[in-house]
Amino acid sequence: MRLTDLEVRFGATTALAGVDLTVAAGERVAVVGASGAGKSTLLGVLNGSVPPTAGSVRVLGADPAGLRGPALRRLRARTGTVHQHLELVGPLRVVHNVNAGRLGTWSAARALRSLVQPQGLDDVRTALDRVGLADRMFERTDRLSGGQRQRVALARLLVQRPELVLADEPASALDPALADQALELLAGLAADRGGALLACLHDPALALRHCDRVVGLTDGRVTLDAPASALTVAGLERFYGVVR
Ligand SMILES: Nc1ncnc2c1ncn2[C@@H]1O[C@H](COP(=O)(O)OP(=O)(O)OP(=O)(O)O)[C@@H](O)[C@H]1O
């Protein structure tokens, strides 16, 4: 994917400005920066949910803002996002939220049928097993804890099998062991399809353990772009302005 001189404004607020960024297939990129720096907006541009105000965007060979109808649907099916607020439907059972990862490739009829008689149960069970939730498949999603819901969102991505994996603080509600597991899973998912992973991470140690490149934003601009091997946890904490 390639962003050139990208700008995103929301009214009087400039969320991103002059962003030039190229990410190659197979790269694992941590996106870091203080709250409000523009991290979620950057992922939104890449998955086509945030239209840029200026600049050019190429994602998997296409410009998401320039696509409509089936072409946009196809691109979205190849791009998987773990949203910061997860975007799960609370009253639905876990199986339905996981199967939402396949809506981009299912017909409307199959999606509707699946609400009555869940489809693809083997894949759902395998995905839930990998996030340690196989026994919660038929539970209402809003009965789960925050960390369990975060893992349902990961399972949804596992059944989607996207090429480009975008994750917005995918481990914020997980304990350290589960956070490592989640990042391994996301990196493995991208690698399976030969794609890249971009993950907004607030934990510098997690970023350095699981990513090979770190891109830092300050007030909507790229102010850091370095291999993880050249960075330290203390250096990244200083970047965030964390005071110990
Ligand atoms: N839909 C929106 N409408 C108006 N302003 C927005 C919108 N989305 C983001 N912004 C603004 O754009 C800027 C960047 O926001 P963004 O959510 O991308 O930051 P972030 O780095 O992801 O922050 P956090 O770590 O707190 O999630 C902020 O000033 C925010 O208030």
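**Entry 1: a loop glycine.** I looked up Gly104 and found that, leaving out residues up to four places away in sequence, Gly104 touches Arg73, Arg76 and Ala77, where contact means that two C-beta atoms, placed from the backbone, lie within 7 Å. Gly104 sits in the loop between α3 (94-99) and α4 (108-116); helices here are DSSP runs of H or I with at least four residues, strands are E runs of at least two, and both are numbered from the N terminus. I noted Gly104 as partly exposed because 17 other C-beta atoms lie within 10 Å. For that term, a residue is buried with 20 or more other C-beta atoms within 10 Å of its own, exposed with 12 or fewer, and partly exposed in between, with C-beta atoms placed from the backbone. I also took the C-alpha to C-alpha distance from Gly104 to Leu185, which is 21 Å, the two being 81 residues apart in sequence.

**Entry 2: what kind of model this is.** I remind myself that the model is predicted, so local features need pLDDT of at least 70 and side-chain atom pairs count only at pLDDT 80 or more, while totals for chains, interfaces and linings use all residues. Residue numbers start from 1 along each chain as its sequence is written.

**Entry 3: the whole chain.** I counted 9 helices and 9 strands in the protein chain. The C-alpha trace spans about 50 × 45 × 35 Å along its principal axes. The radius of gyration of the protein chain is 18 Å, which agrees with the value near 18 Å for a compact globule of 244 residues; the radius is taken over C-alpha atoms, and the globule rule is 2.2 Å times the number of residues to the power 0.38. Of the 244 residues, 41% count as buried. Among contacts between residues at least 6 apart in sequence, 67% join residues at least 24 apart.

Entry 4: β3, residues 28-32, pairs in the parallel sense with β7 (residues 197-200) over 4 bridges, pairing being called when DSSP finds at least two bridges between two strands. Within that pairing, Arg28 has Leu197 of β7 as its bridge partner. β3 also runs parallel to β8 (residues 213-218), again over 4 bridges, and there Val31 stands opposite Val215.

**Entry 5: the core.** The largest nonpolar core has 64 residues, and Val31, Leu198 and Ala199 have the most contacts inside it; such a core is a set of buried Ala, Val, Leu, Ile, Met, Phe, Trp, Tyr and Cys residues joined through C-beta atoms within 7 Å. Setting aside neighbours within four places in sequence, I listed the contacts of Leu198 as Val23, Val29, Val31, Leu43, Leu46 and Leu166.

**Entry 6: the hairpin.** I followed β8 on to β9 (residues 221-227), which runs antiparallel to β8 and is joined to it by 6 bridges, with Leu217 opposite Val222. The two strands form a hairpin with 2 residues between them, and Asp219 in the turn has a positive phi of about 45 degrees.

**Entry 7: helix α1 and the ligand.** Which element gives the most to the shell around the ligand? I found that α1 does, with 3 residues, and that β2 (13-22) and α1 (39-46) each supply at least two. The shell includes Phe10, Thr13, Gly38, Lys39, Ser40, Thr41 and Gln84, a residue being near the ligand if its C-beta atom, placed from the backbone, lies within 6 Å. α1 itself is mostly covered, with 8 of its 8 residues buried, and it is followed by Gly48, whose phi is positive, near 85 degrees.

Entry 8: Most residues other than glycine have a negative phi. Leu86, in the loop between β5 (79-82) and α3, has a positive phi of about 65 degrees. Glu87, found in that loop between β5 and α3, has a positive phi near 55 degrees. I noted Leu86 as partly exposed because it has 19 C-beta neighbours inside 10 Å, whereas Glu87 is exposed because it has 12 other C-beta atoms within 10 Å.
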